[in-house]
Every structure is written in structure tokens, then in C-alpha cells.
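Subject: Handing over a structure, with notes

Dear colleague,

I am passing on the structure below, and after it you will find my notes on what turned up when I went through it. Please read them with the structure open beside you.

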Amino acid sequence: MTSPIAHFNGELLPLDEIRVSPLDRGFIFGDGVYEVIPAYGGRLLRAREHFSRLQRSMDEIRLANPHTVEGWIHEVDRLLAHHPGNQAVYIQVTRGVPPKRDHVIPKGLAPTVFMMATPLSTPSPEMVEKGVACVTAKDFRWEKCHIKSTSLLGNVLARQVSADAGATETILFRDGFLTEAAASNVFVVKGGKVAAAPQDNHILLGITYELLTELAREGRLDFAIRPIPEAEVRAADEIWLSSSTKEVLAVTTLDGKPVGAGVPGPVFRRMHALFQEYKAKLAAAAAVAG
Ligand SMILES: Cc1ncc(COP(=O)(O)O)c(C=O)c1O
């Protein structure tokens, strides 16, 4: 099989020909940030929001952005020309390759930019219909979860808790309150009212979370952003996961117990429909633009 085309520091190359220095701070320290952007028929979903979040992550780690938003979109378009159909675009920027290993942030280093596109795999119709199983764990990650950092060991270990249990995600609690899941945001519904955790340093502010917030407003759902105690999650009628690749997905068992009626609930169905309508509009606009 031929290796797919990927982007490395401005060049388009077969993925298996890309070589990264072992001194790259991304490799040595996990000193970098990333984004994952879904593309439907060559059109990025919420490109500007993703690139603003990339900018916020870079500002937080004091890394100069090598591209403007237009520059990024141009580079992604060049890559997507080699990848027709629906894709997940992965973008990573690390602090680059210093002459030696030293924790102190070196000055004047050129960042390393890597991008690849892989076929987008959204939840199967069966997952949407039946919902998925999740387990819970203590949120043992650091205090800067709002940075979309490539240092993902905390998230990797958290996700493995659910992988070991044969579940889809690990929902995390910090000091008795819901934060998020290992690679998704979490919503709860009780008595028809939807709630999401505060947009602070304990969660990654998902682009899908923000989109669901907008769709909830437009669809006139009762929606609040506020601290959510663990007990409320465990007593919820509905729990949803959101992410760029999961879209919005119902959680129907938590730690082996049914969530609400144990099937995706009515508010989920409404939100899922709103999300699919939003995507269909995007696809139609892409088709008109050619
Ligand atoms: C920890 C974490 N929270 C939330 C999300 C959801 O973010 P988005 O909707 O931008 O994909 C992700 C996505 O991978 C994530 O890794």
C-alpha cells in the first residue's frame, strides 16, 4: 500500500518518509499543541474556531504561530487536495529542534509543523441508535486542561480505564464535580434541562461543545453552563459525549448501570437532529462552492 500524503514543515510527502529529530521538543517533552478538524467534502467544519483555539493554545505555551488563519487554511487545502471525501485533519505544532535537551524554553527556534488527514470515522448508526457505555474515574490530570497539548499522558491513561472495561469513554470527576471525558466533553440532562461543565482550565473547550451550545440556543433547548456535581451525573436522565469525531453521542450505561431509561433520550434525539441539519447545510454549501 502506498503511504498517504502528509505535510511536514511546508512540504507534502508520503507519511512514511517523514523523519523527526529525536531532539524535537515534541518528542522529548511533549512540548507542542494540536488540533483535529473534521472536513466534509473538502470543507472544514468551523475552521476559524479551530484555528482560534490553536492560537489560544500557542499563546498559553508561549509559542509563536508560524501561520495566519488564511495561511493555515491554505496549507490544509493543499493537503486535502490529496484526500477526497470526509477527513479528520490532524495538525501538530511543536516547539522545534534545539541543539540540546534543556527544560528552559529556547529562543528563536523554528516550530515543527506536521499535518495528516485520515478518513473521518463518525459513530455508526448502531452507536447513535443504542448509545454507548462509559465508566468513570478521578480526574488525575494537570491544571491546564484548556490547552490542547500533545502532552496527553493523563488523557491516555484515563481513556485506557474505559478501554480495559470495554467502554467508549471515561467520564472524569475532579473534587466531586464533572469535568469532561478523556477525549470528549460531557453534557447531562435532567427533567428536559441540559447542562455542561464550566469553560475553565479543567476542561478542553470543545469546538463541538461550543457548536452544541449554539444549536441548543437556536433550537430553544433549556441549557445551562454550571458546575455539575458527581451525584447529578449519576442521577441524570441522559448523558451525552461530544467531540469532533463523535459529534454528539448518547451514553446509555455508566459504570455498568443504565442512564435514565437505558436508551438515547428525547433531548439527545433533538440535539442529534440539529447537529445533522447543521452538517447537511455545510455539505450543501460545499457542493455549491464546488
Ligand atoms: C480532552 C478533550 N476534551 C474535549 C474534546 C472535544 O473537543 P472538540 O469538540 O474540539 O473535538 C477533546 C477532543 O479530542 C478532548 O481531547
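Before the details, one term is needed: two strands are said to pair if DSSP finds at least two bridges between them. Strands themselves are DSSP runs of E with at least two residues, helices are runs of H or I with at least four residues, and both are numbered from the N terminus. Please keep in mind that this is a predicted model, in which local features need pLDDT of at least 70 and side-chain atom pairs count only at pLDDT 80 or more, while totals for chains, interfaces and linings use all residues. Residues are numbered from 1 along each chain as its sequence is written, and side-chain values use heavy atoms, with hydrogens and water left out.

With that in place, strands β8 (residues 169-174) and β9 (residues 177-181) pair in the antiparallel sense over 3 bridges, and Ile171 stands opposite Ala181 in β9. The hairpin that these strands form has 2 residues between them, and Asp175 takes a positive phi near 50 degrees there. Strand β9 is mostly covered, since 4 of its 5 residues are buried, where buried means under 20% relative accessible area, exposed means over 50% and partly exposed lies in between, all with a 1.4 Å probe and protein chains only.

Another salt bridge joins Glu143 to Arg174, with the closest N and O atoms 3.5 Å apart; because Glu143 lies in the loop between β7 and α5 and Arg174 in strand β8, the pair ties together parts that are 31 residues apart in sequence. Here Glu143 is partly exposed, with a relative accessible area of 48%, whereas Arg174, at 11% relative accessibility, counts as buried.

Elsewhere, the side chains of Glu247 and Lys279 meet in a salt bridge of 2.6 Å, N to O. Glu247 lies in strand β14 (residues 247-254) and Lys279 in helix α8 (residues 266-289), so this pair ties together parts that are 32 residues apart in sequence. Both Glu247 and Lys279 are buried. Salt bridges that share partners also join Asp139, Arg141, Glu143, Arg174 and Glu180 into one network.

Turning to the sheet, 6 strands form an open one in the order β2-β1-β6-β5-β3-β4, with antiparallel pairing. Strands β2 (11-14) and β4 (43-44) stand at the edges, each with a single partner strand, so one side of each is left without a neighbour in the sheet. Within this sheet, 2 bridges join β1 (residues 5-8) to β6 (residues 112-119), and Phe8 stands opposite Phe114 in β6.

As for the chain as a whole, its secondary structure comes to 8 helices and 15 strands. Buried residues make up 48% of its 290 residues, and its C-alpha trace spans about 55 × 50 × 35 Å along the principal axes.

With best wishes

Conventions. A salt bridge is a side-chain nitrogen of Lys or Arg within 4 Å of a carboxyl oxygen of Asp or Glu.
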